[in-house]
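Welcome! Here is a short tour for anyone meeting this protein for the first time. Please keep the structure open as you read.

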Amino acid sequence: LGLAISKGLVRKMGGRISVESLPGKGSVFTVKIPMEKTDTVVEKTGSEKRITDLVPGQSIWRILIVDDQAENRKLLTELLDKKGFELKEAENGKTAVDIFKKWSPHLIWMDIRMPVMDGYAAVSEIRHLPGGGDVKIAAVTASAFNEQRIKIFEAGCDTLLIKPFRDQDVYRIM
C-alpha cells in the first residue's frame, strides 16, 4: 500500500519511481522528480515553535478547507481543529463557492485539482462575489511547476502550499 501511495504522489509531482530487485539481496527504489533550481537558501534552526492555541480574546477565525480527498481535508482539519478556529469542509469547488456565499470564511485552503469544479474556477468565482476580494485564499497542490504557479496566482490565490507539507508551513502561511 505504501508503494502505491508513493507512486501516486510521485506521479502527481510529474516524476517517476522505479525499482531494481535482486532475489535474496533486496530492492532499491529510485524516485526522480523534476525540480527547478533556486537561489533561495532555507536554514533550519532546530528551535521551531509549536502552535498550541490562539491568544485569548481574538476573534473566531472561520476557515474553509476544500479538497476532493477526504484524507487531505482530515489532515488540515485535525491540524487546526483544537486551535480555536471554526472550520468547514468542501469536497469540490462548487460546494466551496456555496459555503462561501453563506458563511464568509476568513481563509480558504483550496485544492487545485478537483472534480465538479476545480480550484482555479472556484477561486475565480469567489473573487467576483461580495466579500470575495477580502478573503485570503491559499492554494494547496502537489503540482507546483512554474506554469501552474502562474495560473494559481492569476486565478486569484494569495499564496501557495505545496503537498506534502509540514504543520509549520500551514501556520507560517496563516
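## A pocket lined by helices

Helix H1 gives four residues to the lining of the second largest pocket, the largest share of that lining. This is a predicted model, so please read every value here as computed from it. The pocket has a volume of about 350 Å³. Two elements, helix H1 (2-12) and helix H2 (70-81), each give two or more residues to its lining.

Now turn to helix H3, which spans residues 93-103. Its buried residues are Gly93, Ala96, Val97, Ile99, Phe100 and Trp103. They cover an arc of only 165 degrees around the axis, and therefore they sit on the same side of H3. Lys101 and Lys102, on the other side of H3, are exposed. What lies over the buried residues? The cover includes strands E3 (62-66), E4 (86-90) and E5 (107-111), along with helix H4 (119-127).

At the start of H3, Asn92 has a side-chain oxygen within 3.0 Å of the backbone nitrogen of Lys94. After H3 comes Ser104, with a positive phi near 50 degrees.

## The nonpolar cores

The largest nonpolar core has 25 residues, and those touching the most other members are Leu64, Val66, Ile108, Met110, Ile126, Ile137 and Ile152. Two or more residues come from each of E3, H3, E5, H4, strand E6 (136-141) and helix H5 (146-155). H3 supplies the largest share of this core, five residues. Apart from this core lies another, of 15 residues, including Ile63, Leu107, Ala138 and Tyr171.

Which residues does Met110 touch? Not counting residues up to four places away in sequence, Met110 touches Val66, Ala96, Gly119, Ala122, Val123, Ile126, Ile137, Ala138, Ala139 and Val140.

## A stop at Ala155

Our last stop is Ala155, in helix H5. Is Ala155 buried or exposed? Its relative accessible area is 15%, and because buried means under 20%, Ala155 counts as buried. Leaving aside neighbours within four places in sequence, Ala155 is in contact with Tyr120, Val123, Ser124 and Arg127. Ala155 and Arg127 are 28 residues apart along the chain, and 8.8 Å separates their C-alpha atoms.

Conventions: Residues are numbered from 1 along each chain as its sequence is written. This is a predicted model: local features need pLDDT of at least 70, side-chain atom pairs count only at pLDDT 80 or more; totals for chains, interfaces and linings use all residues. Side-chain values use heavy atoms; hydrogens and water are left out. Buried means under 20% relative accessible area, exposed over 50%, partly exposed in between (1.4 Å probe, protein chains only). The arc is that of the directions from the helix axis to the C-beta atoms. Contact means heavy atoms within 4.5 Å. A polar contact is a pair of N or O atoms within 3.5 Å; within protein, one must be able to donate a hydrogen and the other to accept it, and residues adjacent in sequence count only if both atoms are side-chain atoms. A nonpolar core is a set of buried Ala, Val, Leu, Ile, Met, Phe, Trp, Tyr and Cys residues joined through side-chain atoms within 4.5 Å. On a 1 Å grid over the protein atoms alone, a cavity is a set of points where a 1.4 Å probe fits but cannot get out, and a pocket is an open set with protein on both sides within 12 Å along at least five of seven lines; lining residues have an atom within 4 Å of a point. Grid points are joined across faces, edges and corners, and a volume is the space filled by probe spheres set on the points.
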